[in-house]
Amino acid sequence: MFKMNLTDSAFLCLDIGSSAVHGIAHRVRSGRISKSAMFMSESFDLVDATKSVIDELESQIGRHFDYAYVTGNFGESKFDITTKNTVFQNEHRIGPSDIRHQVSEIATPNGFFKIYVIPLRYDCPHMRNMLSPIGHTDNQLVSTYATMFYTHAAMDEIKSVLRRAHIQSNGFYDSQFVLNSVYHTPHETTMFIDFGAMFTTASVWTDRGPIWQHQIPMGGTNITQSIVDRFDIPFIDADRIKRGVFTMLPKTTDRFTPADVAFDFSRADINDIVIPYMTNIINGLHMAATPIMEKHPINKIIITGGASDADGVVDFVSNTFGIVCESMHVDAPVRALGEHIWNLSADDCAKIIARNERMNRRFERILKIFHKKPKKVRKFIPVLPSSMCFDMNNSTTYTTFDAAGISMIHVDIMDGLYVNKIVGGIDTLRKIRSRTTDHLHVHLMTESPSAWAADAIASGADTVIVSTNTSGVKNAIRTIKASGRRAGIALNPDTSPTILKPIIRDLDEVMVMTVEPGAAGQEFMPACLHKISVLAATRKKYGLKFVISVDGGINDKNAQMCWDAGADLLVSGSYLAHSNDFPIAVQSLLKKQ
Ligand code: DX5
Ligand code: ZN
């Protein structure tokens, strides 16, 4: 499956039937689903129906879709259980290529392709019934695979509907496969029956996978066509009336009740057509399933599709098979697809959530200190020493920092293009990372901020600050956010805060440069103080969350002015580095009450 961006994206799941399209959409933020929406459009014009589902869900979710996954009426399918036996010359350590080789030998019927090859069991002379033989050493491997096939023709048709609806699919899924992945009860054997438009498909699933599938080339469309042929009415009316009238529990009064105001035939007339069809279909399935049911007793039957909602169908199936039956309603496949896709990202989501919680906890500690309990300043020092003024290869630098309560280090990186100096770099950053668990606050004075940001993140940056006045800033912010790290932007002395308007809501931090970027030891520019106040006022007015930091020429003379203007963090290089007593110098930069 396509690895999704789980920090900020939206994905769509579609169930494309023959006369309706169901859609479910999820908005993903920081490893969680922040918003969902469902919509169904009924039309025989599937392109039209797909378009209206996409438009409606995009407007409800408020964002274009980054990914789309599709299930639906994929037409004729075939199913096969094959055993592959590989004998190795000598004792052989079984690897993925041995499996790939066996799978490649599974014959594919003409015009079909393999949508799933599901291993049911692996047996070797010295180890039987393995879930996976990878890493096992033996001289023979006997594998049993269940393979599901669909036709290229049907898939091309679905793809053309999607193309004309201007959406591309990141994956196609068999509806019973996703239903099983969501609704299968462990240690139980489940049968799924889908009453489709052209086909009625039944499959049986154990914990290992599908062990049987049977498809009857008959479905709702055939029934509707019989009504059309019988009463000579338009297909669309016949289909509508069938859906409205069909029941497996006809009443005597039905004979005298019109099926529809526009036509002069009764409900009973319709069900005289529909019920025999359904009876044949369900009995046909029961007959076909009897051998497998004898070998694998079935615990539950789950029915889906157009007919699954009609009165009496659940009981009829349950009585015919002698097994409890449950209807999952017509939108079950698309809901299951959404859940299946989301479950596949569960591990990655957990990682992002854990990282964000770690960040938030650290951040709340910072914010709490800023805004509420100055008396605990001791615990958190909102002063960041700038790496370019210290020997970051020397371990005493880190102990000095720790002794002064420093927990965030400002790492300057200059590429010699954005500024005419090369300072630091990804290697330096990686080395610093390897020496401390402190929060690394990386200041990129570089062109191509996206590329640099990605490297900085990969090398352990916790916060990445990109510079204005270069191209690709928005992308860089997106890249940083997508990694779950804090994203910030540095406002150079000649840059007004107003340029941040389009992205201000995505920023975790705005850093006001009080010197021209490019060197340490420069004179502090008091004119930039006003910018800090403007940012602080904007933040308050719009309830924004970004943090304000200041970098450049900071010393004990101007630090307080920055705090008073509304700063939350101060970066200092030369002042701290040249001080005789680092902890005292750090204390001298702190906010005076
Ligand atoms: C300048 C850097 C600053 C600098 C700070 O381009 O971004 O971080 O190192 O050093 P001082 O405070 O000495 O100016
Ligand atoms: Zn800096």
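The model is predicted: local features need pLDDT of at least 70, side-chain atom pairs count only at pLDDT 80 or more, and totals for chains, interfaces and linings use all residues. Residues are numbered from 1 along each chain as its sequence is written, chains are lettered from A and ligands numbered from 1 in the order written, and side-chain values use heavy atoms, without hydrogens and water.

Let me begin with confidence. The protein has a mean pLDDT (the predictor's confidence in each residue, from 0 to 100) of 91, with 98% of its residues at 70 or more.

I turn to the metal. The zinc ion (ligand 2) is held at 2.1 to 2.2 Å by His 410 (NE2), Asp 412 (OD), His 443 (ND1) and Asp 551 (OD); donors here are N, O and S atoms within 2.8 Å of the metal (3.2 Å for Na, K and Ca), and water is not among the atoms, so sites may look incomplete. Along the sequence, these donor residues follow the spacing H-x1-D-x30-H-x107-D. Why is the arrangement octahedral? The six donor atoms around the zinc ion (ligand 2) subtend angles of 73 to 175°, and six donors count as octahedral if opposite donors are over 155 degrees apart and all others between 65 and 115. His 410 and Asp 412 are both buried, that is, under 20% relative accessible area with a 1.4 Å probe, protein chains only.

How values were computed: Four donors count as tetrahedral if all angles lie between 85 and 135 degrees; four count as square planar and six as octahedral if opposite donors are over 155 degrees apart and all others between 65 and 115; anything else is irregular. Buried means under 20% relative accessible area, exposed over 50%, partly exposed in between (1.4 Å probe, protein chains only).
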